[in-house]
Amino acid sequence: MPFLLLVALVLAVDQVSKYLIRTNFQPNESLPVIGSIFHLTYVHNPGAAFGLLAHKTQVFIGVTVLVAIIILAAYRYLPPGRPLLRLALALMLGGALGNLLDRLRFGYVVDFLDLRIWPVFNLADMAIVAGVIILCWQLLVPAGEQGREP
């Protein structure tokens, strides 16, 4: 799948999911989905991960724009034949842009996935984490050993 199409898909799925939560839940409203294990809980997160550095919106906007520029520059110089690196960058960029749109529009990020033992998060966060994991794997595991049985 082309890089920018995947970025747009991640961004669209993130924004649609957040729209559905915003229009169907009140802030701090929670709906159990799987007993006491998983809830949909609508929260406003004015900070970074775990709510750190709350209300530093301008800093987060600046950092996200810088990260987006770095990702786009890195993508441009990726060698051919590295589809997982391209996937990692697309997931990270799509997720970062999803949370950036929230910060620009609302001054906070809409979070709603609640595992009850972890701070509430969203699909953009999941895309970013998945992208970072794939990126680390691609950079740390020698190419000849990727996909081999241990």
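Q: Which residue takes a positive phi in the hairpin of β1 and β2?
A: Let's start at a turn in this predicted model. The hairpin of β1 and β2 has three residues between the strands. The residue there with a positive phi, near 45 degrees, is G35.

Q: How many bridges join strand β1 to β2?
A: Strand β1 covers residues 30-34, and it runs antiparallel to β2. The number of bridges joining β1 to β2 is four.

Q: Which residue in β3 is the bridge partner of V43?
A: β2 also pairs with strand β3, residues 109-114. That pairing is antiparallel and spans five bridges. Within β3, the bridge partner of V43 is D111.

Q: How many residues of strand β2 are buried?
A: Strand β2 takes in residues 38-45, eight residues in total. This strand is mostly covered. The count of buried residues in β2 is seven.

Q: Is D102 buried or exposed?
A: You can find D102 in helix α3, which spans residues 83-106. Buried means under 20% relative accessible area. Because D102 has 0% relative accessibility, it counts as buried.

Q: Which residue has its backbone nitrogen 2.9 Å from a polar atom of the side chain of D102?
A: Leaving out residues up to four places away in sequence, D102 touches Q15, K18, G107, Y108, V109 and V110. One of these also places its backbone nitrogen 2.9 Å from a polar atom of the D102 side chain. That residue is V110.

Conventions:
Residues are numbered from 1 along each chain as its sequence is written. This is a predicted model: local features need pLDDT of at least 70, side-chain atom pairs count only at pLDDT 80 or more; totals for chains, interfaces and linings use all residues. Side-chain values use heavy atoms; hydrogens and water are left out. Helices (H or I, at least four residues) and strands (E, at least two) are DSSP runs, numbered from the N terminus. Buried means under 20% relative accessible area, exposed over 50%, partly exposed in between (1.4 Å probe, protein chains only). A polar contact is a pair of N or O atoms within 3.5 Å; within protein, one must be able to donate a hydrogen and the other to accept it, and residues adjacent in sequence count only if both atoms are side-chain atoms. Contact means heavy atoms within 4.5 Å. Two strands pair if DSSP finds at least two bridges between them.
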